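Here is a short briefing to read alongside the model. Please keep the sequence and the 3D view open as you go through the points.

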Amino acid sequence: MRNHTPVTEFVLTGIPHTNGLENVLFVLFLAFYLLSLLGNLLILLAVLTSATLHTPMYFFLGNLSVFDIFFPSVSSPKMMLYLMGQSRTISFQGCASQLFFYHFLGCTECFLYTAMAYDRFAAICHPLRYTVIMNYRVCAILTLGTWMGSCVHASALTFLIFKLPYCGPNEVDSFFCDIPVVLPLACADTSLAQTVSFTNLGVVALVCFLLILTSYARIVVAVLKISSSQGRRKAFSVCSAHLASVLLFYGPVVLIYLWPASSPRLGSVVPVLNSIVTPSLNPLIYSLRNKDVKVALRKALIQGVHACGV
């Protein structure tokens with residue numbers, strides 16, 4: 001075998017076809033990043049400070065807000081640095097960390113949406129037994145299982161990808177490290193790693209999606225049995241925000257992993273939507289049509305202003 005120099009760092013090529021737009025993209029991505037941080041911190045503040053939001057539904061929403069604070073932080077800071085003209089290099093360990101946290105948080109979101117769908121199913125289909133079904137212990141187990149399962153999932157993927165030898169080239173054709181752009185750089189047979197990683201991703205996403213679909217199929221049947229039109233509208237409005245978030249999440253996932261884009265432009269836009277834009281939209285989705293969240297936010301902000309005044 002020939003001697004190879006192992007790769008110690010990778011070069012992020014950035015978003016394709018954006019030469020000359022660095023300043024515009026920096027301002028745009030910074031705005032989305034700050035909007036994501038501010039919006040999700042406000043949702044988390046409302047959930048923590050309002051006693052009326054201490055329910056399973058908002059418990060999971062609080063977890064989702066934590067996720068949406070950390071998820072864009074995996075790739076946005078590094079991307080904004082090189083848009084400002086800083087180095088595009090990322091260390092081998094830094095690349096592995098990006099991949100781990102991207103899939104750890106992405107899998108967490110997938111599991112969280114599934115738990116939230118089950119919560120809505122229990123609330124609408126079994127309202128009299130809801131507090132028994134979704135008690136504190138069940139919520140804690142679901143949340144702990146979500147975060148631990150995601151950690152195992154991401155650890156397995158990261159080990160699988162980075163146990164392979166990398167000896168050049170080292171240019172990552174994206175603005176962050178992910179499986180589809182890092183794996184082709186390995187100087188060894190990647191067929192096993194590719195099959196296992198994409199099967200793993202596909203199974204997790206598909207199982208979660210089928211569980212969500214099953215929950216909402218049961219919900220639709222239960223809602224259609226409600227005689228009051230006002231009751232039906234209220235039930236559907238409660239679920240609409242969750243459905244919108246699920247569609248925003250699964251759309252990019254399908255395009256990135258299960259249906260790789262043939263267009264380079266589309267392939268570069270979809271990860272941006274998934275990692276930067278969607279986390280900033282979730283607070284708007286969950287607050288615009290939710291009176292409880294808006295009231296809790298208003299009270300928390302008023303209390304904050306009074307505290308600062310004192």
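A residue is called buried here under 20% relative accessible area, exposed over 50%, and partly exposed in between, using a 1.4 Å probe and protein chains only. By that scale Cys187 counts as partly exposed, because its relative accessibility is 33%.

This is a predicted model, in which local features need pLDDT of at least 70 and side-chain atom pairs count only at pLDDT 80 or more, while totals for chains, interfaces and linings use all residues. Residues are numbered from 1 along each chain as its sequence is written, and side-chain values use heavy atoms, with hydrogens and water left out.

**Disulfides**

- A disulfide is a covalent bond between the sulfur atoms of two cysteines; the working cut-off is a pair of cysteine sulfur atoms within 2.5 Å.
- The structure holds two disulfides.
- One of them is formed by Cys95 and Cys177, with 2.1 Å between their sulfur atoms. Cys95 sits in helix 4 (residues 92-125) and Cys177 in the loop between strand 3 (171-172) and helix 7 (179-182), so this pair links distant parts of the chain, 82 residues apart. Helices (H or I, at least four residues) and strands (E, at least two) are DSSP runs, numbered from the N terminus.
- The link of Cys95 and Cys177 is left-handed, with -120° about the S-S bond. Both Cys95 and Cys177 are buried.
- Cys167 is joined to Cys187 by a disulfide, at 2.0 Å from S to S. This pair also links distant parts of the chain, 20 residues apart: Cys167 is in the loop between helix 6 (136-162) and strand 3, and Cys187 is in the loop between helix 7 and helix 8 (191-224).
- Which pattern do the disulfides of the protein follow, with bonded cysteines counted along the chain? The pattern is 1-3, 2-4.

- Cys107 is in no disulfide, and the nearest cysteine sulfur, that of Cys110, is 6.1 Å away. Cys107 counts as buried because its relative accessible area is 5%.
- Cys110 is in no disulfide either, and the nearest cysteine sulfur to Cys110, that of Cys208, is 3.3 Å away. With a relative accessibility of 3%, Cys110 is buried.

- Helix 4 has 34 residues and should span 50 Å at 1.5 Å a residue; its end C-alpha atoms are 49 Å apart, which agrees. The expected span is 1.5 Å times one less than the number of residues in the helix.
- Helix 4 is mostly covered, with 27 of its 34 residues buried.
- Helix 8 also has 34 residues, and the distance from its first C-alpha to its last is 48 Å, close to the 50 Å expected at 1.5 Å a residue.
- The buried residues of helix 8 include Ala193, Leu201, Cys208, Ile212, Tyr216 and Val223.
- How do the axes of helix 4 and helix 8 cross? They come within 9 Å and cross at roughly 20°; axes are lines fitted to C-alpha atoms, for helices over the stretch in contact, and angles run from 0 to 180 degrees between N-to-C directions.
- Helix 4 and helix 8 are therefore roughly parallel to each other. Angles under 35 degrees count as roughly parallel, over 145 as roughly antiparallel, 65 to 115 as roughly perpendicular and the rest as oblique.
- The crossing of helix 4 and helix 8 is left-handed, a term used if the near helix is turned anticlockwise from the far one by less than a right angle, with right-handed used if clockwise.
- Val221 lies in helix 8 and counts as partly exposed, because its relative accessibility is 45%. Val221 and Cys125 are 96 residues apart in sequence, yet 8.9 Å apart in space, C-alpha to C-alpha.

**Helix 1 and helix 3**

- The axes of helix 1 (residues 22-49) and helix 3 (residues 76-83) come within 9 Å, crossing at roughly 155°.
- Helix 1 and helix 3 are therefore roughly antiparallel to each other, and their crossing is left-handed.

**Helix 2**

- Helix 2 (residues 56-70) has 15 residues and should span 21 Å at 1.5 Å a residue; its end C-alpha atoms are 22 Å apart, which agrees.
- Twelve of the 15 residues of helix 2 are buried, so the helix is mostly covered. Among them are Pro56, Tyr58, Phe60, Leu64, Phe67 and Ile69.

**Salt bridge**

- How many salt bridges does a search of the whole structure find? It finds one, where a salt bridge is a side-chain nitrogen of Lys or Arg within 4 Å of a carboxyl oxygen of Asp or Glu.
- The side chains of Arg120 and Asp119 meet in this salt bridge, at 2.8 Å from N to O. Arg120 and Asp119 are both buried.
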